[in-house]
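Please go through this structure with me by question and answer. Start with the whole chain, then move to single residues.

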Amino acid sequence: MSNSQATNQAANAGAVKKTITREEWNARLSEVQVDREDLNKLIMNYLIIEGYKDAAEKFSQESGATPPVNLESIQDRMIVRTAIQRGNIEEAIERVNDLNPEILDTNPKLFFHLQQQRLIEYIREGRIMEALEFAQEELAPRGEENPEFLSELERTMSLLAFELNGPSPVSDLLTPAQRQKLASELNSALLISQSQEKDPKLPSLLKMCWWAQQQLDERCIYPKIKDFTRAELVMEPMGTGPIGGGTGAGSASSTGAVAGGA
């Protein structure tokens, strides 16, 4: 750290923070003009990319926002996502190949993760002999070609050393979050194959808002958003940590809360 930076930090530490009352903050917010059409596009972008087809249709009807893509195209992605979340990896692979066989042919990492999840599902169901045979025939050869794959395979096989319902260093592989992670990875690949954006804009906007609040915390005491799922302004000091105390930006409900707060 340079001397000038140290001096500035010392000065900031000793400075008295300015307090902005709720009334003053609300008055400033009322001066900010938010284009309703831009806001609707932001929400529609989130609903389409995350695959909330029914919500996108209802939002289009209520807001008048025109979807940038045919909403029926969402249905194909949702069938694949649902299959992953049920643990039916074979069906998901078949559906993807029906849509575009090049997706898995050109993405060996994604295909490995799908096969890895098949192995996890075999172990979850107690089909141990099938799991061992599948790991040896399908995954081991890929692991020999790629050290990253081998490490993931070894970690997955460690599930056999622990009780499935008990605590273990690899218990996260059996959680719904593991399936959701794979579903999101596959959803992104499908979006790219359809020449669509793979990441919604709304979560990035919320992260920017969180960062801006952190910067402002150094200078002012002001009404801030602690929980981004509720978008309520509070005067309490904000601690560090993930965005909000609820479901964050990763759900349709939080999208509605942000829209309401805007």
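The questions below go from the chain as a whole to its rings, its core and a few residues.

This is a predicted model, in which local features need pLDDT of at least 70 and side-chain atom pairs count only at pLDDT 80 or more, while totals for chains, interfaces and linings use all residues. Residues are numbered from 1 along each chain as its sequence is written, and side-chain values use heavy atoms, with hydrogens and water left out.

Q: How many helices and strands does the chain have?
A: Helices (H or I, at least four residues) and strands (E, at least two) are DSSP runs, numbered from the N terminus. Counted in this way, the chain has 13 helices and four strands.

Q: What share of the residues in the chain is buried?
A: Buried means under 20% relative accessible area, exposed over 50%, and partly exposed in between, with a 1.4 Å probe and protein chains only. The chain has 262 residues, and the buried share of them is 38%.

Q: Of the contacts with a separation of 6 or more, what share joins residues 24 or more positions apart?
A: Contact means heavy atoms within 4.5 Å. Among contacts in the chain with a separation of 6 or more, residues 24 or more positions apart account for 56%.

Q: How many disulfides are found in the whole structure?
A: A disulfide is a pair of cysteine sulfur atoms within 2.5 Å. A search of the whole structure gives a count of zero.

Q: Is Cys220 buried or exposed?
A: The relative accessibility of Cys220 is 12%. Buried means under 20%, so Cys220 counts as buried.

Q: How are the rings of Trp25 and Tyr222 placed: stacked, tilted or edge-to-face?
A: Rings of Phe, Tyr and Trp (its six-membered ring) pair if their centres lie within 6.5 Å; planes under 30 degrees apart count as stacked, over 60 as edge-to-face and the rest as tilted. By this rule there are five aromatic pairs. The centres of the Trp25 and Tyr222 rings are 5.0 Å apart with planes at 35°, so this pair is tilted.

Q: How many residues apart are Trp25 and Tyr222?
A: Both Trp25 and Tyr222 are buried. Trp25 is in helix α2 (residues 22-30) and Tyr222 in the loop between β2 (220-221) and β3 (224-225), so the pair links distant parts of the chain. Their separation is 197 residues.

Q: Which residue lies over the face of Tyr222?
A: A charge sits over a ring if NZ of Lys or CZ of Arg is within 6 Å of the ring centre and within 35 degrees of the ring normal. At 4.9 Å from the ring centre, the residue over the face of Tyr222 is Lys224.

Q: What is the relative accessible area of Met44?
A: Met44 is found in helix α3. Leaving aside neighbours within four places in sequence, its contacts are Ala56, Phe59, Ser60, Ala65, Pro67 and Pro68. Met44 is buried, with a relative accessible area of 2%.

Q: How far apart in space are the C-alpha atoms of Leu174 and Thr156?
A: Leu174 is in the loop between α10 (147-157) and α11 (176-193). Leu174 and Thr156 are 18 residues apart in sequence, and their C-alpha atoms are separated by 9.8 Å.
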